[in-house]
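Subject: Structure handover

Hello,

Please find the structure below, followed by notes on what was found in it.

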Amino acid sequence: MSSEAISEGARASGFWRGFQMGVPIVVASAPFGLLFGALAAEQGFSVFEAVLMSATVYAGASQMVGIELFGQKLAPALIVFSIFAVNFRHVLYSAALGRRIRHWPLAQKAIGFFFLTDPQYAGAEAKGERGEDVSFAWYMGMALPVYVCWVAEAALGAQFGKLIPDTHAFGLDFLLPIYFLGLVMGFRKRPLWLPIVITSAIVSIIAYKTVGSPWHVSIGAVAGILLAAVMPIKKSDQSETSERSETL
Amino acid sequence: MSTTVWIILAGAAMTYLTRIGGHLVLSRFERVHPRIEAGLDAVPAAVLTTLVAPAAISAGPAELAALLVAGIVSLRSGLMPMFLAGAAVLIALRHFMG
């Protein structure tokens, strides 16, 4: 067997090992992929727009934030900025993953970073920590099934979202706050979580009542972030890989 | 193209920037200042809280009960069970309270 055939085989087996890591993420994220499509349709997105967002943004929490703010008829720049703010955590994942994939060619890096969701980061970080090589084939084997299903779920959800007759009775208008609360709770092992949440909650409520929407989002968020930055630094527990690994 | 499509594409570009930017920018520094890191660490919880709190104070009893039950369930379980519990309480209470 030539060495080329051997490396081809290694690539294929790497892809399938990654694929096996991707399957549970497909199952866990499916309800949220469908929910995103349904809520997007409810907020006035077409099926094409819902699919476009899942296919290009590909970050569940920020997509939900995007359609929530879209429903409030905000200035476009503020919606884009809010998507950026929610996704800002990826900066940390990106810096950490970059150390594991130094050996990838530039084009592979450019592609790989597009698929850097929370579970993708957790999976790659865990593999790297075990001392194993994080190969491009393995990484894409994990990423592709999750991505393909996520995009398909947006189409399905948007299609069915249009069929729901009484959205109030089904609670569709209040599902997003419940979902966001779940995401907030998912970060509760991080240092200073409770003081940050209380500060951001109080300040955003005051801003909501005085300055008004949408500024309560930025003002409340900045208050919590500043609090975290000025408080005495404690050694953080590295809970990053265990949290939120079920969402995109 | 519609405004919605522009918002989506700009949001996608910003998201990609966060996914590649950490590698391009943060990796140039030996270490990030601990206060900046603490601030960055706080970003998701701080941003997401502002999307829950105002909704909670302007909500009715069914919505508040749903948030409360979902919050309690989330202490013991993942996102999916807490979400389903909250949605179930919301739908049931809206059904019975009209």
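**Nonpolar core**

The largest nonpolar core has 93 residues, and those that touch the most other members are Ile178(A), Tyr179(A), Phe180(A) and Phe83(B). Such a core is a set of buried Ala, Val, Leu, Ile, Met, Phe, Trp, Tyr and Cys residues joined through side-chain atoms within 4.5 Å. Helix 8 (residues 136-161) of chain A supplies the largest share of this core, 11 residues. Phe180(A) touches Ala61(A), Met64(A), Val65(A) and Glu68(A), and in chain B Leu48(B), Leu51(B) and Val52(B), leaving aside residues up to four places away in sequence; contact means heavy atoms within 4.5 Å.

**Conventions**

This is a predicted model, in which local features need pLDDT of at least 70 and side-chain atom pairs count only at pLDDT 80 or more, while totals for chains, interfaces and linings use all residues. Residues are numbered from 1 along each chain as its sequence is written, chains are lettered from A and ligands numbered from 1 in the order in which they are written, and side-chain values use heavy atoms, with hydrogens and water left out.

**Helix 10 of chain A**

Helix 10 (residues 193-209) of chain A has 17 residues and reaches 24 Å from its first C-alpha to its last, close to the expected 24 Å (1.5 Å times one less than the number of residues). Helices (H or I, at least four residues) and strands (E, at least two) are DSSP runs, numbered from the N terminus. Buried in helix 10 of chain A are Trp193(A), Ile196(A), Val197(A), Ser200(A), Ala201(A), Ser204(A) and Ala207(A). Buried means under 20% relative accessible area, exposed over 50%, and partly exposed in between (1.4 Å probe, protein chains only). Seen down the axis of helix 10 of chain A, the buried residues fall within an arc of 140°, so they line one face of the helix; the arc is that of the directions from the helix axis to the C-beta atoms. They pack against helix 9 (175-186) and helix 11 (215-230) of chain A, together with helix 2 (34-57) of chain B.

**Aromatic pairs**

Over all chains there are 20 aromatic pairs. Rings of Phe, Tyr and Trp (its six-membered ring) pair if their centres lie within 6.5 Å; planes under 30 degrees apart count as stacked, over 60 as edge-to-face and the rest as tilted. Phe15(A) and Trp16(A) have ring centres 5.6 Å apart and planes at 85°, so this pair is edge-to-face. Phe15(A) is partly exposed at 23% relative accessible area, and Trp16(A) is partly exposed at 48%.

The rings of Tyr58(A) and Phe115(A), with centres 6.1 Å apart and planes at 75°, are also edge-to-face. This pair links distant parts of the chain, 57 residues apart. Tyr58(A) is buried at 1% relative accessibility and Phe115(A) is buried at 8%. One aromatic cluster is formed by Tyr58(A), Phe114(A), Phe115(A), Tyr147(A) and Tyr16(B).

**Chain B**

The unreviewed UniProt entry places "transmembrane region" at residues 6-26, 38-59 and 65-93 of chain B; UniProt positions are in the numbering used here, feature names are shortened, and annotations may be inferred rather than shown by experiment. Residues 38-59 of chain B are 91% helix and 0% strand, with end C-alpha atoms 32 Å apart. Residues 65-93 of chain B are 86% helix and 0% strand, with end C-alpha atoms 9 Å apart.

Thr18(B), in helix 1 (residues 3-25) of chain B, is buried at 1% relative accessible area. Among the residues that Thr18(B) touches are Phe84(A), Asn87(A) and His90(A).

Regards
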